[in-house]
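Let's take a friendly walk through the charged side chains of this model. Have the viewer ready, and follow along pair by pair.

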Amino acid sequence: MQRELNEECAVVGIFNHSEASKLAYFALHAMQHRGQEAAGISSGDGEKLHTIKDRGLVTRVFDEQKLKTLKGHMAIGHTRYSTAGDDSILDAQPVYARYDLGQLSIVHNGNLTNAQEVRGELIEKGAIFQTFMDTENLIHLIAKSSQKKLKDRIIDAVHKIEGAYSLVFLSRSKMFAVRDRFGFRPLSLGRVGDGYVVASETCAFDLIGAEYLRDVNPGEMLIFEKGKAPQSIQVFEPTPKHCIFEYVYFARPDSDVYEQNVYEMRKNMGKELAKEKPIDADMVIPVPDGGVPAAIGYSQESGIPYEMGIMRNHYVGRTFIEPTQEMRDLKVKMKLSPIRKLIEGKRLIVIDDSIVRGTTSRQIVRMLKDAGAAEVHMRISSPPTTDPCYYGVDTPDKHKLIAANMNTQEICDFIEADTLAYLSNEALLRSVNASDTNFCTACFTGDYIV
Ligand code: AMP
């Protein structure tokens, strides 16, 4: 099966602001952690849509000159995070098209689970695709809809797709934001100047000086039109199944996601972990940056001192995006190095947010032991990652997930730690003030919703 290419992204939309594309740029910059493969912005000045997109980081794709050409009072933007496969420029977003109603640009965070079927049907009826992105299906569904208004065509289209989507559309004069009925991926609404902003994470609001208003509801569509307050249409009955992995790993700690602060949630996970999986040691150290808040929580709960035992080089991209195993090994070393003087002869509790393939943990344990650590006790602030995600988080196939193939003791042996323990699913849900009815925990439980 062709891999979908718009997983784990960030989206933003700015409406009614004289510097719309600049604000979109800054918002994308704040959300760069959600995707480093490609970035793009479409702007609209009431006449034309202007689009620039390319591979690479937001700061590489845009400069002052380029942003000046993205004219208009509205703009939508995207950063893409993808793994293997075709990373041609065609697979960057926004996806832009001309059709019978005019011009349309779309950005999408999430993953459509019925994309192959929908695409197959469209191709059978003569549609021609330029990319492997499931987002392109939407263009075709909207173009083929018999409805007269774009609003109704979008509603038509989202009834034909399944899975996870936080979408922002730009037409010549309007902006639309839609979130799937489960609210899998986050999407928040804010006020900026006399205009509005929607963004995947509220850290984007902070940077552009926007005021948070509320989250876009699961199943809700917002329509932004000049001179009017945003119009809300509840397209689907909301049945929240928020992605818990946003709290575990993906979102930035300064963001409020699903109306709760991510840092606090992670710290809670660390506290719960200390209660559930205690062990005597000299210090608690995080695997930076992901493990930091949980390590602080673990330290506070256990009374064992917190230290920064591992330094992170911030000029290396995330290790996950390299497709080959050798490159991943090297990149862990390039990224993380231990403070020898601090950890020599010490019994360490090492906190990380998750173990996926096991590569990172194994290297970290080795690195710490080589640097003279007496004992290394790995503590993971989430349950074993046993199942792949089909709703927009990039996890490898099941056979590559170490916890799908080994039990905790076997993983402990593999990563060569003295002990290994994970947070239980119940404690994770407690940490984020949730019951398992309003969160998706499929990556830890295999309970898929769609
Ligand atoms: P691994 O070496 O495959 O076990 O990777 C585990 C590391 O990757 C952990 O330190 C996590 O912080 C990080 N991680 C977990 N999930 C993801 C993801 N979806 N994308 C990128 N990094 C991740």
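Start with Arg430 and Glu272, whose side chains meet in a salt bridge, 3.1 Å from N to O. This pair links distant parts of the chain: Arg430 belongs to helix 16 (residues 425-431), while Glu272 sits in helix 9 (residues 262-276), and the two are 158 residues apart. Bear in mind that you are looking at a predicted model. Glu272 is buried, because its relative accessible area of 12% falls under the 20% cut-off. Arg430, with 48%, is partly exposed.

Next, turn to Arg366, which forms a salt bridge with Glu416, with 3.2 Å between the closest N and O atoms. Arg366 lies in helix 13 (residues 359-370) and Glu416 in the loop between helix 15 (408-415) and strand 22 (419-422), so this contact ties together parts 50 residues apart in sequence. Here Arg366 is partly exposed at 39% relative accessible area, and Glu416 is partly exposed at 35%.

Asp387 counts as buried at 10% relative accessibility, whereas Lys398 counts as partly exposed at 41%.

Salt bridges can also share partners: Arg34, Arg185, Glu201 and Glu246 are joined into one network this way. The structure holds 19 salt bridges.

Finally, look at the surface, where Glu117, Glu121, Glu124 and Glu162 gather in a patch of negative charge.

Note on methods. Residues are numbered from 1 along each chain as its sequence is written. This is a predicted model: local features need pLDDT of at least 70, side-chain atom pairs count only at pLDDT 80 or more; totals for chains, interfaces and linings use all residues. Side-chain values use heavy atoms; hydrogens and water are left out. Patches are made of residues with over 30% relative accessible area and no salt bridge: like charges are joined within 9 Å, nonpolar side chains (Val, Leu, Ile, Met, Phe, Trp, Tyr) within 5 Å. Accessible areas come from the Shrake-Rupley method with a 1.4 Å probe; for residues, only the protein chains shown count as cover. A salt bridge is a side-chain nitrogen of Lys or Arg within 4 Å of a carboxyl oxygen of Asp or Glu. Lys and Arg count as positive and Asp and Glu as negative; His and the chain ends are not counted. The place of a charge is taken as NZ of Lys, CZ of Arg, CG of Asp or CD of Glu. Helices (H or I, at least four residues) and strands (E, at least two) are DSSP runs, numbered from the N terminus. Buried means under 20% relative accessible area, exposed over 50%, partly exposed in between (1.4 Å probe, protein chains only).
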